[in-house]
Amino acid sequence: MNNWNEEPDIERIETKLSDDLKEVVIIKPLKNGTKEKTTQKIKLVKTERRIKKSVLERKNWKKFGVAKGLPDGPEVGTTFLESVSFEFVDHKQKKKKKKASKETSSIVVTCRYCNAVGKHFTSKCPYKEQYQSPTPISGRNSDDNDSGDKFVVPGRRNNRDRDRNDKPTIRITNISEDMTDYELRDLFGECGPITRLFLAKDRETGRVKGFAFVTYEYPEDAQKAIDKFHGKGIKHLILNVEWAKNK
């Protein structure tokens, strides 16, 4: 009785049909006493390529196992030829692209007039004229000897600019996070002309903090807004509207 690890005698016959074609016949005995014959026609293609010395040395190794004693070259039953494609990636350039994309995505444009985040630039603000001062800064007070064309610090400007803090301003709290500058201006603009509106937002996330300040041109309009919107429900929240206190 044969051992389980005994290998059957495989007969291989190669016949060269032409310069670029050969025929390989493999005869393999089976356990039931019959033989299996496999005939293959192989096309020979000559190619030139550079290989490493270590690869060349492995090609000179003697065959072992099932292929022991067979001639040089790949065997159909034991060798599988598969082409593998490699893609070389420049990791440094890939990191630069990722860094550039992160920097561009982290830039958020905020309007310096209405504090709108990511909607428009300061120069394109639709409320630019309402936020700007109706009269230009004329310079220092008449008591100063310097020319009016020079820059004047806010603390030493004329009383006309200082009176902006004395204009009627109301404070609105308990504002919904979904509220926008445009909605707030349209809502409180029903009571009269607004000279300044500030909706507090987080600098990093742009989310509404829940309070705002609205400055009217006339005190009666500010009082009208307090009477109209104090205790009124806007976006599922009850607004609290009162006079702003100067600090």
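Visitor: Why is F88 called exposed?

Guide: F88 has a relative accessible area of 78%, and exposed is the word for values over 50%, with buried kept for under 20% and partly exposed for what lies in between (1.4 Å probe, protein chains only), so F88 counts as exposed. This is a predicted model, in which local features need pLDDT of at least 70, side-chain atom pairs count only at pLDDT 80 or more, and totals for chains, interfaces and linings use all residues. Residues are numbered from 1 along each chain as its sequence is written, and side-chain values use heavy atoms, with hydrogens and water left out.

Visitor: Where is F88 found?

Guide: F88 sits in the loop between α1 (53–59) and α2 (91–106), where helices are DSSP runs of H or I with at least four residues, numbered from the N terminus.

Visitor: Why is D181 called buried?

Guide: The relative accessible area of D181 is 2%, which is set against the limit of under 20%, and D181 is therefore buried. D181 belongs to helix α5 (residues 181–188).

Visitor: Which residues does D181 touch, not counting those up to four places away in sequence?

Guide: With contact taken as heavy atoms within 4.5 Å, D181 touches C114, N115, A116, L197, L199 and K201.

Visitor: What makes A222 count as buried?

Guide: A222 has 0% relative accessibility, and therefore counts as buried. A222 lies in helix α6 (residues 219–229) and, leaving aside neighbours within four places in sequence, is in contact with P168, I170, Y216 and W243.

Definitions and conventions. Helices (H or I, at least four residues) and strands (E, at least two) are DSSP runs, numbered from the N terminus.
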